[in-house]
Amino acid sequence: MNKIYFGDNLAILKTLKDESIDLIYIDPPFNTGKTQSRTRIRTIRDKNGDRNGFQGNKYKTIELGTKAYKDSFDFETEGLFPPEIVRAYKTIAPHSSIYFLEEFLRPRLIEAYRLLKPHGSLYFHIDYREVHYCKILLDQIFGRDCFRNEIIWAYDYGGRARSRWPAKHDNILYYVKDPRNYIFDSSKIDREDYMAPGLVGPEKATRGKLPTDTWWWSYIGKKGMKISDTWWMTIVGTNSKGRYGYPTQKPIGLINRIIQASSFPGQVVLDFFAGTGTVGESCIINNRNFILIDNNYQALEVMARRFSGFETIQWIGFDPTPFQYIKNTLLEERAKQNSEGTDEYSPEFKMLVTVSSNLQEE
Ligand SMILES: C[S@@+](CC[C@H](N)C(=O)[O-])C[C@H]1O[C@@H](n2cnc3c(N)ncnc32)[C@H](O)[C@@H]1O
């Protein structure tokens, strides 16, 4: 049975049984101190519109709605400290990493460790501002020898800073509970179709090739080194079909990769900063069970829409029915999207990469 909880994750984690979870992925707020928001728009043809389109057509922009959450912690409303301490903290260091780690993350990560089965793994998604502090915290809780990787998720999105190198990556820290006994098989990750199946043998064409972000290994001649700790993947585009209008939604391909390599079908995956429920969708696609937690009503609303029609979900503290009037044809939608090919590379570029990789391999 899959479960989605509405509420503060610490209290809910405490109610879950010891060693009951196979894999945890979390993507906590990055503590930037900003309110993260995303406005969804649609454009319609209108001769007085504000945007120029193809063949001189004009388009009008219509705002469909805004979703937001605060990317920092309000120590006052979280009730963690008496008011005089809160005032002192806010004056000295309004968004300091120390409080983020000590007061917010540490107790939640201790719970995460307790909940993992002996063969379990944790993937912790963060950014360059907090990753070093978080690594130290996780080393303290899991043990340094349980650290496996720092995965770099590289993308081309965001501002072009002029005073420093523009940051174009997130960091994912990967830990296991027992370094001698854990689930990991990178050969299980999704393969992609060959753009030119005729150029490869039928066996290869059926198996597909490893993802596009690995092609350059064969280009530089490192035969056998296919997938690395640097994952090149585009973000969920503002108007792409799989976008739920919620800030910081992570690409399903990223989560699929984690779930496919670090768990088996039928196992339980936990995400206690669930947002739009990307982990839940990946579990449905990959035949895993899930437990999701979020304390933002708008996140629950999004998940209710995203999972309408999936009857194997138990909702706790939230009634999804008002948002589930349209049956979600998620899986059919995704199959269609795959056949349309929605990634950022042009067919010509993919063809070039495929042919050059194959030539190198041959
Ligand atoms: C970065 S977003 C997660 C996005 C998600 N990975 C996705 O793909 O949609 C972080 C989420 O953590 C939630 N959150 C923050 N503090 C929380 C808490 N104490 N308990 C439960 N959820 C919390 C926020 O509401 C937000 O939805």
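Of the residues in the shell around the ligand, 6 are nonpolar, 8 polar and 4 charged. Here Ala, Val, Leu, Ile, Met, Phe, Trp, Tyr, Cys and Pro count as nonpolar, Asp, Glu, Lys and Arg as charged, and the others, Gly among them, as polar. That shell holds 18 residues, with Phe273, Gly275, Thr276, Thr278 and Asn296 the closest; a residue is near the ligand if its C-beta atom, placed from the backbone, lies within 6 Å of it.

A word on the model: it is predicted, so local features need pLDDT of at least 70 and side-chain atom pairs count only at pLDDT 80 or more, while totals for chains, interfaces and linings use all residues. Numbering starts from 1 along each chain as its sequence is written.

Now the fold. The protein has 12 helices and 12 strands, taken as DSSP runs (helices H or I, at least four residues; strands E, at least two) numbered from the N terminus. Nine-strand pairing gives an open, mixed sheet ordered β9-β7-β8-β6-β2-β10-β11-β1-β12, where two strands pair if DSSP finds at least two bridges between them. β9 (230–232) and β12 (313–316) sit at the edges with a single partner strand each, so one side of each has no neighbour in the sheet.

Angles run from 0 to 180 degrees between N-to-C directions of lines fitted to C-alpha atoms, for helices over the stretch in contact.

| Helix | Strands | Angle |
|---|---|---|
| α5 (residues 131–142) | β6 (116–126), β7, β8 | about 5° with β8 |
| α9 (residues 278–286) | β1 (2–6), β2 (21–26), β10 (268–271), β11 (289–294) | about 170° to β11 |

Conventions:
Contact = placed C-beta atoms within 7 Å.
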